[in-house]
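Here are my notes on this one, as promised. Have the viewer open while you read, and go through the points in order.

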Amino acid sequence: METTAPLLELHHVAKRFGGIQALSDIDFDVRRGEVHALVGENGAGKSTMMKILAGVIPDYEGEMVWQGRTVRLKNPRHALDLGIAMIHQELSVMPELTVAENIFLGRQPLSGGVVDWPRIFREAEAILAELGFAHVNVREPLERYPLGVHQLTEIARALTSGAELIIMDEPTSALSPMETRHLLELTRNLARAGKAVVYISHFLEEVTWVADRVTVLRDGRKIATLEAGATDKQELVRLMLGKEAAFFEESYMGGRTVVDRHAASEPVLVVEGLTRPRTFTDVRLELHPGEILGLYGLIGSGHFELGEAVYGLLKPAAGRILLEGRPVGVGPRRAIDRGVAYVPPSRRTGLFLEKPIYQNVTLPWLAQISGLVPQIPREVAVTDEVIRRVGVRPPDPLKEVVFLSGGNQQKVAIARWLVEPPKVFVVSEPTRGMDVGAKEEVMKILRELSQAGVGVLLISSEPETVLAASERILVMAKGRIVREFVGETVTKEQLLHAAAGELAEAR
Ligand SMILES: Nc1ncnc2c1ncn2[C@@H]1O[C@H](COP(=O)(O)OP(=O)(O)OP(=O)(O)O)[C@@H](O)[C@H]1O
Ligand SMILES: [Mg+2]
């Protein structure tokens, strides 16, 4: 590094949203050639701080200095012109367009007044090769590729637009282990090439691996900036929470011993020979009342789709889904009425972001709560109770969901189903985007539900999530159940191996 002068600095930055002080008195800097990680609990202010850096939030207090000069960003375009690009928590790609179009979205180079397609394809190919993804065909629609490539497209877009500072907000939360590794290596390479990266993540192992420095936020304040090499997960968690925390991960550190205590009871859910072309094949499973059954698979293995099928969102081509011995019936409405609850893997699909929390929570229960005439005070009261149980912050039923932090939005998607305990609770990635403390809270809720007799199908591509609570674990690969773990000790490595090993054999 020829210079250690910061590329960007914040001095005394503060931001208030109505009654919430999202950030107070933040000093922060990032240098060229550095990956600077930002960690903190859900709602700590990470995304807000980065939105200020990226021009998304133009009204804030304090000062921003870019390459030694005070700047006042007006909008994201302004930030991009300076060389600051942000890759948001929720991706902004258009899957039906080609990979190349996505990379040049909104700024296609022209030649003689028409879009210069040869140049777009050429430059898109060049940048992907540089990033180590030469095998991606830039003329194909993006939707043909897995999420890792969608993520990559945004990084390529940032680089081709000349970004010097790249902000990544939870870039790996939807990636497979392989894709995550690739992204982490890519991030290091960006720093090596002289770029600056700000990296937000709840995965502290990633953070200590990829970062040069780590800044910890708590309740909108900067608690510390540390050299990554001189800290560890334990210390980061303590700084994030402000106390010694019982580690979410401790429950599976040495592997988890799975014991099936429910095999003798009548299953509440039976899936038989479930098949859907290109999705899953001949899947059978039984879920017992009070059981937490883990269903693990890499992204694309069909496990999320199986969850959709149980909830009536996906119609199987063959096979049966029986609830208490009778077919569930067609469509989510029937499923809900029969006592099936469902949390989708992406909070975007399950929530109406522009609506207040209470409308999101009461949506499945309007007939019971309101009858024909809306009973808003009752809806608000019901909502107040359940969002307090899952610890939504702020616990304000009237607040629009869009104003909540990512992890708190996810809690709303879960809270909805606590209004009337279901018989079967299908939860896909229930802790995606959550901090360690919130993850623990969610696992506690799932355990409480199971103790009350609810059968929980816990579907995830994060080994940690499945290992945190399951009493029995099934592994899916390429649409089939390839392994059952029961009455033994299971480790993260064994899960990965079962999911990936079968993939290798299937080729
Ligand atoms: N547009 C907004 N309007 C009102 N409040 C907001 C808005 N954006 C964020 N907040 C609030 O500001 C606080 C910080 O939110 P922020 O999204 O920065 O958290 P975060 O650290 O990114 O959390 P997560 O890990 O859950 O993504 C939260 O209390 C949130 O509810
Ligand atoms: Mg965030």
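1. The open sheet has six strands in the order 6-9-10-3-11-12, with mixed pairing; two strands pair if DSSP finds at least two bridges between them. Strand 6 (84-87) and strand 12 (221-227) are at the edges with a single partner strand each, so one side of each has no neighbour in the sheet. From one strand to the next, the twist averages 15°. Strands (E, at least two residues) and helices (H or I, at least four) are DSSP runs numbered from the N terminus.

2. Before going further, the ground rules: this is a predicted model, where local features need pLDDT of at least 70, side-chain atom pairs count only at pLDDT 80 or more, and totals for chains, interfaces and linings use all residues. Residues are numbered from 1 along each chain as its sequence is written, chains are lettered from A and ligands numbered from 1 in the order in which they are written, and side-chain values use heavy atoms, leaving out hydrogens and water.

3. Now strand 9 (165-169). Five of its five residues are buried (under 20% relative accessible area, with exposed over 50% and partly exposed in between; 1.4 Å probe, protein chains only). Leu 165, Ile 167 and Asp 169 point one way, Ile 166 and Met 168 the other. In a regular strand, side chains alternate between the two faces of the sheet.

4. Both neighbours of strand 9 are worth a look. Strand 6 runs parallel to strand 9, joined by four bridges, and Ala 85 sits opposite Ile 166. Strand 10 also pairs with strand 9 in the parallel sense, over five bridges, with Ile 200 as the bridge partner of Asp 169.

5. At the other end, strand 11 (residues 213-218) and strand 12 are antiparallel over six bridges. Thr 215 faces Thr 225 there.

6. Helix 6 packs on the sheet, touching strand 3, strand 9 and strand 10, and its direction makes about 150° with that of strand 10. Contact means heavy atoms within 4.5 Å; axes are lines fitted to C-alpha atoms, for helices over the stretch in contact, and angles run from 0 to 180 degrees between N-to-C directions. Its buried residues include Leu 183, Leu 186 and Leu 190, and helix 7 (204-210) is among the elements covering them.

7. How far apart are the end C-alpha atoms of helix 6? They are 23 Å apart, which agrees with the 22 Å that its 16 residues (177-192) should span at 1.5 Å a residue, taken as 1.5 Å times one less than the number of residues. Just after helix 6, Gly 194 has a positive phi of about 95°.
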